[in-house]
Amino acid sequence: MAKELKEMLNRVTLQGTLMDNTLEVKADKNGRKYLSGELEVKTDNDYIVPVSVFAYELKSTGEKSALYDRLAKVIELPSARTVGVMQAPKVSISNAKITDNSFYSERDDRIVSNWRITGSFIRTATNDAPNQNSFEVQGIISSIKEVVDREGNSTDSYDLKLLNVGYGSRVNELTLRFDDKAAVDYITNNYNPGDIVTICGQIVYEQSTRQVEREVGFGEPMTTTYTNTVRLLKITAGSTPEDGEEAGYALKDLQGVVVAQNNDIKERYQARAQMTAATNKAAGANLLF
């Protein structure tokens, strides 16, 4: 698209116990120092939500980044993994965002839609501070579909695909789930593709394990443990719909941006794969001499 699109609302608020902290200082191939890693925060319903953090030490102008300096202090925060849940601090993460994290699957030859939470405004909270887990995101509705199980049976749940314009006119393609009867009735009767809406909700992040035993000829049965992770953006409230084009966002234009972004993801993956293959081939040839 020729014109720059205005960035839409995209805000996540998390507050809870710091369960893990993997932030560390690294350097890119040009020697530019940066900080990156994840914070895992235990919020309501015992959901442990990972938040990706990234910041360069210097701005593009060469000036020192105040954000980097603030985050450098977060590296030192202990977590439940190091000091136990009772001693771990509570943290508050404000103005975080839900961002597109789609990737190319070579096996399936397709783009797998995915998302992650990114944040950089982090501070410690008091031990009695209430847990928080909420998001508010604006976007253009791309589709609304009923969720069915593997046999094609209804699950009484629906997915709403929302196209959110982020920084630099990048489009976040987000899938949000709703199953509350009031939400189902209102959304299926009032929301349509092309509408612009603001959605509120909660980040669901659950992990469960199951063990499968296999019989053997003798001795104890062989046990395999499988971990299942459920990641959902669950809708709890929504605004009345408005016409997206009147607000300056045409659905077909945003869909075109998503297609271009996905093509770029695939091309970058293939370029890296070709480079790796060439490097491995050259290394193998050198071993022959």
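Predicted model: local features only at pLDDT ≥ 70, side-chain atom pairs only at ≥ 80, totals over all residues.
A residue is called buried when its relative accessible area is under 20%, and exposed when that area is over 50%.

**First stop: strand E12.** Select residues 171-178, which form strand E12. Six of these eight residues are buried, so the strand is largely enclosed by the rest of the structure.

**Second stop: the partner strand.** To see one pairing, select Asn164 together with Asn172 in E12, its bridge partner. Then turn to the hairpin that E11 and E12 form, where five residues lie between the strands. Within this hairpin, select Gly168, which takes a positive phi near 70 degrees.

Return to strand E11 and select Asp156. Its phi is also positive, at about 65 degrees, although Asp156 is not a glycine. Is Asp156 buried or exposed? Its relative accessible area is 57%, and because this is over the 50% cut-off, Asp156 is exposed.

Asn95 is not a glycine, yet its phi is positive, at about 55 degrees. With a relative accessible area of 45%, Asn95 is partly exposed.

**Last stop: Thr17.** Finally, select Thr17 in strand E1, residues 10-21. Thr17 has a relative accessibility of 14% and therefore counts as buried. Which residues does Thr17 touch, not counting those up to four places away in sequence? Display Glu40, Val41 and Lys42, then Val85, Ala88, Pro89 and Lys90: Thr17 touches each of them.

Key. Residues numbered from 1 in each chain as written. Heavy atoms only, no water. Buried < 20%, exposed > 50% of the residue type's maximum accessible area, 1.4 Å probe, protein only. Helix = DSSP H or I, 4+ residues; strand = E, 2+ residues; numbered from the N terminus. Pairing = 2+ DSSP bridges. Contact = heavy atoms within 4.5 Å.
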